[in-house]
Amino acid sequence: MEKRVVVTGMGIVSCLGNDCEVAFNNAINGVNGINEITNFDTSELKVKIAAQVKEFDASKYMSKTEIRRQDLFSQYAVYASCEAFEDAKLKDINPLDIGVIIGSGIGGINTFAKDLEIGFNKGLHKIPPMFIPMIIPNMAAGNVAIKLNAQNHCTCVSTACSSGTNAIGDAYKWIAQGNAKVMIAGGSEASICPQGIAGFTSLQALSTSNDINRASIPFDKDRDGFVISEGAGILILEELEHAKARNAHIYCEVVGYGSTCDAYHITSPSGTGAINAMKLALKDANLKPKDIDYINAHGTGTPLNDKFETMAIKEVFKDCLNDLSISSTKSMTGHALGAAGAI
């Protein structure tokens, strides 16, 4: 029999705030986290807006040496994980009972771009020694494990925009199957850089509007793409009896998870993958469509995603649609890629 799994801690780094209470209050009050890009020159870029993290101070949880040796996406993950760990009030836990699964779609693209420029300008022998450790996507999970002494399963899920959600789902199953008592799980991304903006623009995935209030408009008839975002979302998942034994505050229970691939196209969805994933999640949770109150949609604002996601929801929930609330918080947060689902 599978173990029951609950959420006992949360941490966030986002354009809406680097504290869960602040970010949540901003979200429910409709605060727009999108603004003009200020971290670099955008004169050569068609897109000049993004949902940037603001007032981020990695030194709250990290030393100067740790900061210097980690790409920004890893710093975001460590910060949010420490915040979640503190929120869960975890202490005196056997390190072998604590694991980490943190997803990232792209990893250390800031470091990759910066250090390759050094190599081109000064010679490849000048590429810094931490180049590889700073760019690989699994280093967010690795650095979190080191920071919090988590010695159980430690891995990275890199499944593009579903990375953070898959990481949480996989961590849930890892505990449910009795392999760990506690899992630090979520996603982290820091892809707001000239190369990231240019790449997604060339892919025709980004909105071409630079109006911060009309660029990220999921499900709107005038939608034309997403607004790139960044940050990290981390949950502390815990086996129910373990949480109860230490009198932990329990936010909610995780009861079902479904993950599929529609095996259709590199960017365009067919809708079947989403249909099957939702059906699997309902089956795993032993729930019916009528039991669901709310869907936080992927809702990127791209014409095809929103169309096929809507079709998939209609196919799964059919006659229950009138009792179902649906929204996409990306209207306020933009699309944080591998961190989006976790945030």
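The model is predicted: local features need pLDDT of at least 70, side-chain atom pairs count only at pLDDT 80 or more, and totals for chains, interfaces and linings use all residues. Residues are numbered from 1 along each chain as its sequence is written, and side-chain values use heavy atoms, with hydrogens and water left out.

**The chain as a whole**

The protein chain holds twelve helices and ten strands. Both are DSSP runs numbered from the N terminus: helices are H or I of at least four residues, strands are E of at least two. The C-alpha atoms fill a box of roughly 60 × 50 × 40 Å along the principal axes. The radius of gyration is 20 Å, which agrees with the value near 20 Å for a compact globule of 343 residues. That radius is taken over C-alpha atoms, and the globule rule is 2.2 Å times the number of residues to the power 0.38.

Of the 343 residues, 48% count as buried. Buried means under 20% relative accessible area, exposed means over 50%, and partly exposed lies in between (1.4 Å probe, protein chains only). The chain exposes about 16,700 Å², and carbon and sulfur atoms supply 53% of that area. Accessible areas come from the Shrake-Rupley method with a 1.4 Å probe; for residues, only the protein chains shown count as cover.

Contacts are heavy atoms within 4.5 Å. Among contacts between residues at least 6 apart in sequence, 76% join residues at least 24 apart.

The chain carries 30 positive and 37 negative side chains, and the centres of the two sets lie 3 Å apart. Lys and Arg count as positive, Asp and Glu as negative; His and the chain ends are not counted. Each charge is placed at NZ of Lys, CZ of Arg, CG of Asp or CD of Glu.

| Residue | Relative accessibility | Class |
|---|---|---|
| Asp-115 | 2% | buried |
| Asn-149 | 38% | partly exposed |
| Asn-152 | 16% | buried |
| Ala-285 | 18% | buried |
| Asn-286 | 71% | exposed |

Asp-115 sits in helix α4 (residues 109-122). Neighbours within four places in sequence aside, Asp-115 contacts Ile-127, Pro-128 and Phe-131.

Asn-149 and Asn-152 come from one loop. Asn-149 lies between α6 and β5. Its phi is positive, about 55 degrees, although Asn-149 is not a glycine. Asn-152 is in the loop between α6 (139-148) and β5 (154-155). The Asn-152 side chain makes a polar contact of 2.9 Å with the side chain of Trp-174. A polar contact is a pair of N or O atoms within 3.5 Å; within protein, one must be able to donate a hydrogen and the other to accept it, and residues adjacent in sequence count only if both atoms are side-chain atoms. Beyond four places in sequence, the contacts of Asn-152 include Pro-95, Leu-96, Asp-97, Ile-98 and Gly-99. Asn-179 and Ala-180 are also among them.

Ala-285 belongs to helix α10 (residues 272-285). Ala-285 and Gly-256 are 29 residues apart in sequence, yet 4.2 Å apart in space, C-alpha to C-alpha. Leaving aside neighbours within four places in sequence, Ala-285 contacts Val-255 and Gly-256.

Asn-286 is in the loop between α10 and β9 (294-296). Asn-286 has a positive phi of about 60 degrees, although it is not a glycine.
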